[in-house]
Amino acid sequence: MIDQLSARRDVSRPPPADPARSPTGRFRALRLPIVLVSLVLVIAALFATGLALVVKARGDGPAGVVGSPPVASEPAAPGRKTLRELAPPGVRIGSAADGRGLSLDPAYSSLLGTEFNAMTTENAMKWRNLEPLPGVYAWPGADQLVEFAERHGQEVYGHTLVWHSDMPKWVSPEWPAERIRTELRDHVTEVVSRYRGRVWAWDVVNEVLDEDGSLRETLWLRKLGPGYIADAFRWAHAADPGARLFINDYGIEGRTRKADALLALVRDLRRDGVPVDGVGFQSHLAWDEPPRELTRNLRRFADVGVSVAITELDVRVELPVTPEKLKRQAAVYRQVLKSCLAVPGCVSFTVWGFTDSRSWIPGYHRGYGAACLFDADLTPKPAYLALVDELSRHAGTNRAGPAPD
């Protein structure tokens, strides 16, 4: 299949007809079905990536992005400030972004550009999506998000460089350790280098710990040992010394064994000179289980000299949805934001998608949904209004305050 993909060919278009072939009656009869099949493939590619797929080999420059400029953003409601307008200095208010929504839904792209001053690349920068074949990169999905952010004055948070999930199928666990190390190093270097100066922070390593605090059993740990974590940070720093580099995980909002182990890991890495700049708290939460001791936990991480960030917040609701559940969901959203604003080292607050129409929750947590700030029709929910209110309360303050938990 590699031989069929030119490193510089737009595979979303069928190849031009060969003029040397005269259109015999039989060829004319076949031409229409061929065109129709090609058209179907183009449409499939559009839905799969959010835009036409351009494949380039390692080392190529930025790929052009297919698609029209986004619809001009309008305020969410007359007289009401948006989240980004209310964001305190030094705090990014962001959302994960879905490329298909960006390409196919003008209302989605308008709201994304209006409400947030930062964006996380939800799926477009995961290794499986970026490098579907060895040495062959499909950049447009990621380029689309980065260029949208730049047009709208948003900072980009890159997600994610090293993860045990969403790896390309061609990465084989049977390879010797040196080849696996080389492929991982080349991937980190290639991706960070391409977006050097355009991505403010990266999830360098993602979900490296198990619930008991031990290092998660992954291909990277089995083949490369625990040193792969430090290596990944050093490779990323070499590729873009100006980017902030984060370690990101879930289930660390409270004083758990996992949180304690992550704190120890960060201390050890920094003691060894590894350029770990921040810790990301994913915060995939439930409406009836507000996090305990989140503010104090954020502070103890910040006290070791790193930034902290809420990186993937959503608050799932058990179905069916009721006004009371939405009210309690809003309280959880408010609590997490309040915790971030109470810690000067908290530099970013990001929701994992802003509309229920594109949330991952129903497909992963059976019986749950309605996890986002806006419903499927992009109508703001109580959770959104709670964030607006909390940000308004902090307007003109120095952010630091009593711990809400």
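This is a predicted model: local features need pLDDT of at least 70, side-chain atom pairs count only at pLDDT 80 or more; totals for chains, interfaces and linings use all residues.
## Packing of α10 and α11

Two packed helices are described by the angle between their axes and the distance between the axes. For helix α10 (residues 257-271) and helix α11 (residues 294-302), the axes come within 10 Å and cross at roughly 15 degrees. Angles under 35 degrees count as roughly parallel, and α10 and α11 are therefore roughly parallel to each other. Their crossing is right-handed.

On the α10 side, the contact is made by A259, D260, L262 and L263, which meet N297, R300 and F301 of α11. By residue class, this contact comprises four nonpolar, one polar and two charged residues.

## Aromatic pairs

There are 14 aromatic pairs in the structure. One of them joins F374 and Y384, with 4.8 Å from centre to centre and 45 degrees between the planes, a tilted arrangement. F374 sits in the loop between β12 (368-369) and α14 (382-393), whereas Y384 belongs to helix α14, so the pair ties together parts that are ten residues apart in sequence.

## Burial and the aromatic cluster

Residues under 20% relative accessible area count as buried. F374 has a relative accessibility of 1% and therefore counts as buried. Y384 is buried as well, its relative accessible area being 0%.

F374 and Y384 also belong to one aromatic cluster, together with Y108, F116 and F354.

Definitions and conventions
Residues are numbered from 1 along each chain as its sequence is written. Side-chain values use heavy atoms; hydrogens and water are left out. Axes are lines fitted to C-alpha atoms, for helices over the stretch in contact, and angles run from 0 to 180 degrees between N-to-C directions. Helices (H or I, at least four residues) and strands (E, at least two) are DSSP runs, numbered from the N terminus. Angles under 35 degrees count as roughly parallel, over 145 as roughly antiparallel, 65 to 115 as roughly perpendicular and the rest as oblique. A crossing is left-handed if the near helix is turned anticlockwise from the far one by less than a right angle, and right-handed if clockwise. Contact means heavy atoms within 4.5 Å. Ala, Val, Leu, Ile, Met, Phe, Trp, Tyr, Cys and Pro count as nonpolar, Asp, Glu, Lys and Arg as charged, and the others, Gly among them, as polar. Rings of Phe, Tyr and Trp (its six-membered ring) pair if their centres lie within 6.5 Å; planes under 30 degrees apart count as stacked, over 60 as edge-to-face and the rest as tilted. Buried means under 20% relative accessible area, exposed over 50%, partly exposed in between (1.4 Å probe, protein chains only).
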